[in-house]
Amino acid sequence: METFVAGLHAFLVAPFLDMVSLPDFLLQVIWEGFVSGILYALIALGFVLIYKASAVFNFAQGIMVVFAALVLVSLFDLGVPAWLALIITIAVMGLLALSVERLVLRKLVNQHEAILLMATIGLTLVLKGAGQLVFGGEPKSMITEELGFSTGSSDWEVFDGIVIFQHIDIAAAVIAIIMVAVLGVFFSKTRIGRALRAVADDHQAALSVGISLNQIWAIVWFASGIVALVTGIMWGARSDVSFALEIIALKALAVLILGGFTSVPGAIVGGLIVGIGEKLFEVYWGPMFGGGVEAWFAYVLALIFLLFRPQGMFGERHIERV
Amino acid sequence: MFYREAGQFKTTYEADQAMLPIAQDRVGLLLILLIAFAAIPLLASDFFISSIMIPFLVFALAAVGLNILMGYAGQLSLGTGAFMGVGAYACYKLATLFPDLNILIVVFLSGFFAAGIGVIFGLPSLRIKGLYLAITTLAAQFFLEWCFIRIGWLYNYNDSGAIEVPQRMLFGLAITGPHATPITRYLVILTIVAIMTLVAANVLRGRIGRSWMMIRDMDIAAELMGIRPLFSKLSAFAFSSYYCGVAGALMVFFWLGSAEVESFDINHSFLIMFMVIIGGMGSLAGCFMGAAFIWVLPVILRAIPSAFELNILAATMEHISSIIIGALIIFFLIVEPHGLARLWRVGKEKLRTWPFPYAT
C-alpha cells in the first residue's frame, strides 16, 4: 500500500511540483515542445493537403521532406548560389508532383484506400533509394545562414532564470503561421483553391462542373512539395539533413489523428499538442519509465483520444447508413 | 482441357463442401507438398534452404496472419512487426523459464501472448476504421518496440540486449540453436506452416471466417444481421496476432538464431503488408505468392551484379534494388490491384475453357 501511494505521488504530484519549482525550465521545455510541434504540424499539413483533395494518404510526405532538403543542400554544395538552389529545388518538387500524378495517381483512381496507401509506400521506397543513390547516405548540414536565417539565439530573463530562444525556431514559428494563413486565403479566395475544395467534397460533382481532377492533383502535390521543402529547411536547421528524419515524420501521423485527416487548423493544433505534450511527458514523467518515451507518447495519446472522439478534434462527424 | 471439373459428380454433402472440390486442385496441392517435403530437402543446397525457403515460409505465415486481419476482416494494421516480436520474446522467455518443455509447445504457446496483446491494441477498432485504425496500430508498433528495449526482463538482462536461441532437441535431433541443420529446421517450419495454413483455411470458410468477411464488406449491415462486431473484430485481431506471433517465434528460433529489436521494426510491418497486397488481399494462396515475390526478388537483384561481373558496391546495389522494388510495387498495384492471386484465378479460368474460349 505504501509503495502504491508513493508511486501515485510520484506519478500525479511530483512532476507538477517539479514544474512549479523551476518555472523558467518549464517555459524552456514548453518552448522546445512548441517548436517541434510546429514542425510536426508542417508535416501534417502536407498530408492534409493531399488527403483533402484526393483521399490519398500520402505516406511519402516524410521522405519528400528529406528529399527536398537534400536536393537543396546538395545543389549548394555543387556551388550553386543559395537563392538559385532554392528555385531549382522548387522546380524539382514541381516535377515530382507532375510525375506522381501522371505515373501513379492517374492510374489508381477509385481504388481501395489501402492500395493507394501502399502505392505511396512504394513511392517512399523509390524516393529513398534514389535519394541515397544520388546524394549519399551520410547526414548533411543545412545551409541556414546562406538562406538568410540567423543562427544566433536570444535570452529572455524571467522568473529569476533564463529562457533561450533560437532565432531559427522563432523563424520556423513565424513561417508556419504565414504558411497557414496563405493556405487559408488560397483555399477560400482563389479560383484554384475553390476548385480544390470542390474536389475534396465530391470528385464526381467536381468533374461534372468542369474541374480537371488531374490538374488539381498535380497542384496539391506541388503545394505539399513546397510545404515539404519548408519543413525540410526548418528541421534541417535544427538537426542535420538525414534519412533519420523519415521516422520522426511518422509522428505527424499521430498529429493527423488528433486533428482529423481533413482539417488544416486541426493539423496545427494537433501538432502543438503532440509537440508540447511529448516534451513535458519526456522531461517530467520519462525518468519513471526509463526514458525514451518520446518514441511512443504521440501514438498512445492519439489512440486514447480516438477512443473518445473517433473523428478527431476538427474532423467531420459522419453518419453511416447501410 | 486438363483443368476441368466435367465428370466429377458430387454425391454427398461432404463432397460438396470440400475445401478443394476439383480433383485437379487436390492433385496440384499434393504435388506442391511433395516437392516441399521431399524434393527440396533432398535436392536443394543448404544456402537455398536457409536463406530462401526458411524466410519465405516464416514471412508467408506472417502474411497469412496479416491477411486474416486485412483481407478477410478488413481492419488495416501496421503493427505486424511488433506482434511478431511479442511472439518471439514470449517464446524466448518461455523457453528459458521452462527448459524442459517441448520447444514446439513453447512456440504454439507464445502465439497466445501475441494474441492477447493484439486484442488490446485491437480495441480501438470498435470505434474507428480504415486509415485511422491503421495509424493507431502504429501505437502498438512503437510502444512494443520501446518495451523490447527498456524491459530487460524480456531478454534476461543480456548485455547485448539481444535474444539468443538456446539449443532444444526433438526426437534426439537438435532442431534449434547453432547445431541444428538447415534441413531439420526447414522441415519443422514447413510442418508448422502447413498445419496452420490448413487450420486458417478451415476457420476462414467456417462461421467465424464468414462473420469476419461480413464485417469487412459492411460492418453496419453485418451488425443488423446479428453479427456481434465486438466479438468478430476482436477475434480477428486475436487470430491474426496469434499467427503473427508464431511467425515471429519461428523467425527467431528457426531462422535468425538471435534477434534484436531491429528484427521487428516498422519496416518489417511494411514488408509483410507488401506481401499481402502484392499477393492479394483475401487469398491464402496469395500470401505465399506475395511472400515468394517480395522475399525472392531482392535476393535475385542482389545476385545480378556478380552474375554479370559488374563492379557495383553493395550499398549502391541496395539503393538500386530499393528503387526497383518500389517501382515494381507501384506497377503491380496499377496493373492488378487484386494481386497475384487474382492473376492465378484468371489463369485457371482461361485453362478451364481452353482450347475453346467461347465454349462455356
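Me: pLDDT is the predictor's confidence in each residue, from 0 to 100; what values on this scale does chain B reach?

Reply: The mean pLDDT of chain B is 85, and 98% of its residues reach 70 or more, while the complex as a whole is given an ipTM of 0.80 and a pTM of 0.86 by the predictor. The model is predicted, and local features therefore need pLDDT of at least 70 and side-chain atom pairs count only at pLDDT 80 or more, whereas totals for chains, interfaces and linings use all residues. Residues are numbered from 1 along each chain as its sequence is written, with chains lettered from A and ligands numbered from 1 in the order in which they are written.

Me: How do you know whether the radius of gyration of chain B agrees with that of a compact globule?

Reply: The radius is taken over C-alpha atoms, and the globule rule is 2.2 Å times the number of residues to the power 0.38. For 360 residues this gives a value near 21 Å, and because chain B has 21 Å, the two agree. Along the principal axes, the C-alpha atoms of chain B fill a box of roughly 70 × 60 × 45 Å.

Me: What makes helix 12 of chain A largely enclosed?

Reply: Helices are DSSP runs of H or I with at least four residues, strands are runs of E with at least two, and both are numbered from the N terminus. In helix 12 of chain A, 9 of the 9 residues are buried, so the rest of the structure largely encloses this helix; among them are Lys251(A), Leu253(A) and Gly259(A). The cover over these buried residues includes helix 3, helix 11 (245-249), helix 13 (264-289) and helix 14 of chain A, together with helix 6 (131-150) of chain B. After helix 12 of chain A comes Gly260(A), whose phi is positive, near 95 degrees.

Me: What is called the largest nonpolar core, and which residues have the most contacts inside it?

Reply: A nonpolar core is a set of buried Ala, Val, Leu, Ile, Met, Phe, Trp, Tyr and Cys residues joined through C-beta atoms within 7 Å. The largest such set has 210 residues, with Leu61(B) and Leu250(B) having the most contacts inside it. This core draws at least three residues from each of domain 1 (41-245) and domain 2 (250-314) of chain A, the bounds coming from an automatic or database domain assignment. Two residues are in contact if their C-beta atoms, placed from the backbone, lie within 7 Å; leaving aside neighbours within four places in sequence, the partners of Leu250(B) include Leu61(B), Val107(B) and Trp255(B).

Me: How do you know which element gives the most to the side of chain A that touches chain B?

Reply: The contact takes 38 residues from chain A and 36 residues from chain B. On the chain A side, two or more residues come from each of helix 6 (113-135), helix 12 (251-259) and helix 14 (294-308) of chain A, and helix 6 of chain A gives the most, with 16 residues. Ala, Val, Leu, Ile, Met, Phe, Trp, Tyr, Cys and Pro count as nonpolar, Asp, Glu, Lys and Arg as charged, and the others, Gly among them, as polar; by that division, the side of chain A that touches chain B has 28 nonpolar, 6 polar and 4 charged residues.

Notes: A residue is buried if 20 or more other C-beta atoms lie within 10 Å of its own, exposed if 12 or fewer, and partly exposed in between; C-beta atoms are placed from the backbone.
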